Amino acid sequence: MILGTIGIVLATIVTGLLVDRKWSLLPRKEELLAAGKPRPLLPGHGPGESAGTAIAASPGELFALRRKQTCPRCKAEMTATADDHATYDDQELLVLTFACPRCQTVKSIYITETEH
Ligand SMILES: [Zn+2]
């Protein structure tokens with residue numbers, strides 16, 4: 001009787017694992033397909049590229065963001081220019097701006113500042 005119960009429990013667990021594996025495989029395949037597709041290169045849709053996709057950054061992350069910008073066109077190291085501010089959706093945004101010394105491309109990163 002006890003063995004029978006254990007058998008049922010084991011069968012349930014095994015079925016659960018199989019179902020789980022089957023379901024988790026499907027999204028993975030979709031992710032792979034999505035990754036293989038060329039991404040649209042429209043400006044203003046990536047994280048931080050527009051007010052609507054502003055990224056949250058702490059003072060430490062801000063510091064890193066200011067130093068690590070490469071030109072999206074020629075990959076040269078970009079120079080930070082004067083910070084700007086914007087309001088979006090009743091939220092105050094910090095706008096970091098960068099200029100490429102080589103090809104004059106400019107880039108803005110929209111930030112919502114966080115304490116930590
Ligand atoms: Zn450049």
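Two strands count as paired if DSSP finds at least two bridges between them. Strands themselves are DSSP runs of E with at least two residues, while helices are runs of H or I with at least four residues, and both are numbered from the N terminus. With that in hand, let's look at this chain. What you have here is a predicted model, where local features need pLDDT of at least 70, side-chain atom pairs count only at pLDDT 80 or more, and totals for chains, interfaces and linings use all residues. Residues are numbered from 1 along each chain as its sequence is written.

**The sheet**

The chain has two helices and four strands, and from the N terminus on they run α-β-α-β-β-β. The four strands form an open sheet in the order 1-4-3-2, with mixed pairing. Strand 1 and strand 2 stand at the edges with a single partner strand each, so one side of each has no neighbour in the sheet. On average, neighbouring strands are turned by 40 degrees against each other, direction ignored. (Axes are lines fitted to C-alpha atoms, for helices over the stretch in contact, and angles run from 0 to 180 degrees between N-to-C directions.)

Strand 2 and strand 3 run antiparallel and are joined by eight bridges. Thr87 stands opposite Glu92 in strand 3. Helix 2 lies across strand 1, strand 2, strand 3 and strand 4, at about 115 degrees to strand 1.

**The core**

A residue is buried if 20 or more other C-beta atoms lie within 10 Å of its own, exposed if 12 or fewer, and partly exposed in between, with C-beta atoms placed from the backbone. Buried residues make up 8% of the 116 residues in the chain. A nonpolar core is a set of buried Ala, Val, Leu, Ile, Met, Phe, Trp, Tyr and Cys residues joined through C-beta atoms within 7 Å. The largest one here has five residues: Ala54, Leu96, Ile109, Tyr110 and Ile111. Strand 4 (residues 106-113) gives the most to it, with three residues.

**Who touches whom**

Two residues are in contact if their C-beta atoms, placed from the backbone, lie within 7 Å. The table leaves out residues up to four places away in sequence.

| Residue | Touches |
|---|---|
| Ile111 | Gly48, Ala54, Ile55, Ala57, Leu62, Leu93, Leu94 and Leu96 |
| Thr70 | Lys75, Ala76, Glu77 and Met78 |

Thr70 lies in the loop between helix 2 (59-67) and strand 2 (79-88). Thr70 counts as partly exposed because it has 13 C-beta neighbours inside 10 Å. Its C-alpha atom is separated by 8.0 Å from that of Cys100, 30 residues apart along the chain.
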